[in-house]
Amino acid sequence: MESIKDKTQQPILLNNAVHEFDVLEKRIFYIVVNQIKKGFGIDQDMFNNNLWFEVPTSLIGTQHYEKLKELANNITSRRIKIYNKGNEQMHVFVPFPEVKYQKRWGHLKIRILDTAYPYLAELKEGYFYYRLKSALLLSRTYSQRFYEFFSQFLDTGIWKSVTIDYIRTRLNLNSEKYAENFDFVKRVVHDSIDEINEKTDISVEIVKYHKKGKKIIGFDFKITSKQAAKGEAKELHKIEKYYKYINEVGTDKLGKEMLRIKKEYGINDNWFNIIFEDKNNMDEILRVDKMVRMNQVDIRTSKENYMNGFIKKLIEE
């Protein structure tokens with residue numbers, strides 16, 4: 001099985017739609033779109049053609065049950081709205097109508113609406129690239145959307161004559177939200193650009209303000225790529241760890257490795273089932289197994305006792 005890829009393609013049609021996701025919900029959106037492209041973590045229900053995706057809680061940014069419950073309640077009601085005024089067409093849908101979670105899974109199971117899949121699977125018109133890891137670092141909803149917009153124009157390096165009215169439409173902001181011109185420019189535009197410049201792989205500069213009198217009504221943006229985002233290392237640790245785990249141990253190999261470890265260390269069935277339900281636990285077991293085999297740990301009794309002691313501590317935490 002191929003790994004989750006770092007660079008994700010997102011349909012331009014979907015990028016131009018109106019979204020209702022908040023920060024954590026948009027992280028789920030990013031991860032699902034990313035998995036669709038490579039077919040990773042997809043479980044197809046053969047009876048009704050539903051598609052389920054595993055979204056690791058470590059990548060969402062929270063593993064707290066109450067927060068996950070709130071997230072599930074919200075995302076199952078969020079809509080994507082696609083309008084084509086010229087042809088008087090529209091499509092409004094809830095892309096993620098069902099969420100499942102169980103203690104020790106280490107992930108949410110999320111079902112995607114069958115009619116939403118073609119948009120996310122790039123069966124519609126065009127796509128653009130954005131870096132998944134950089135997108136996951138952003139902590140503001142507006143920053144996430146702007147990052148998508150700017151990524152779309154990275155090849156040309158310029159996004160001209162972008163009006164405030166257009167931004168309001170794309171961000172689903174009514175005229176009462178940040179009604180004062182100064183507040184909108186500062187909190188929606190400037191703050192988003194500051195976070196994008198600090199945390200992601202692109203740099204954005206406003207090269208021109210369009211004005212009507214003293215009022216700012218639009219912008220020209222300059223977008224450039226940079227090799228490394230500032231201050232990424234610490235924030236990317238968990239994400240990188242997950243990717244490394246997926247890259248090094250594919251799904252098929254993982255099952256064989258875990259069965260080998262069960263037999264070699266004499267792990268009982270109950271503990272093994274608990275371990276196998278949580279990818280984070282499996283990651284730790286594989287790490288310790290590697291250290292044991294390379295004689296990098298101090299074993300005072302036997303390797304079986306050492307590993308089972310580690311597993312007991314891991315499960316009881």
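Start at the hairpin of strand 5 and strand 6. Four residues lie between the two strands, and Glu88 takes a positive phi near 50° there. Bear in mind that this is a predicted model.

Strand 5 covers residues 80-84; it runs antiparallel to strand 6, and five bridges join the two. Pick Tyr83 and look across to strand 6: its bridge partner is Met90.

Next, turn on the aromatic side chains. How many aromatic pairs does the structure hold? There are 14 aromatic pairs. Select Phe21 and Phe96. Their ring centres are 6.3 Å apart and their planes meet at 40°, so this pair is tilted. Phe21 sits in the loop between strand 2 (18-19) and helix 2 (23-38), while Phe96 sits in the loop between strand 6 (89-93) and strand 7 (98-100); the pair therefore ties together parts that are 75 residues apart in sequence. Are these two residues buried or exposed? Phe21 and Phe96 are buried.

Move to Phe150 and Phe221. This pair is edge-to-face, with 5.1 Å from centre to centre and 65° between the planes. Phe150 belongs to helix 7 (residues 141-152) and Phe221 to strand 12 (residues 215-225), so the pair links distant parts of the chain, 71 residues apart. Both Phe150 and Phe221 are buried.

Ring pairs link Phe150 and Phe221 into a cluster with Phe146, Phe149, Phe153, Trp159, Tyr166, Tyr209 and Phe219.

Two lysines come next. Select Trp52 and Lys100: the lysine lies over the face of the ring, at 4.6 Å from the ring centre. Then select Tyr265 and Lys303. Lys303 lies over the face of Tyr265, at 5.8 Å from the ring centre.

Stay there for the last stop, helix 15 (residues 303-316). Check its length with the distance tool. At 1.5 Å a residue, its 14 residues should span 20 Å, and the end C-alpha atoms are 20 Å apart, which agrees.

Now look down the axis. Which residues of helix 15 are buried? Colour Met307, Asn308, Ile311, Leu314 and Ile315: they are buried. These residues cover an arc of only 120° around the axis, which puts them on the same side of helix 15. The spacing fits a general rule. An α-helix has 3.6 residues a turn, so residues three or four places apart point the same way. Finish on the other side of helix 15, where Lys313 and Glu316 are exposed.

Methods. Residues numbered from 1 in each chain as written. Predicted model: local features only at pLDDT ≥ 70, side-chain atom pairs only at ≥ 80, totals over all residues. Heavy atoms only, no water. Phe/Tyr/Trp six-rings, centres within 6.5 Å; stacked < 30°, edge-to-face > 60°. Buried < 20%, exposed > 50% of the residue type's maximum accessible area, 1.4 Å probe, protein only. Lys NZ or Arg CZ within 6 Å of the ring centre and 35° of its normal. Expected span 1.5 Å × (residues − 1). Arc of directions from axis to C-beta. Pairing = 2+ DSSP bridges.
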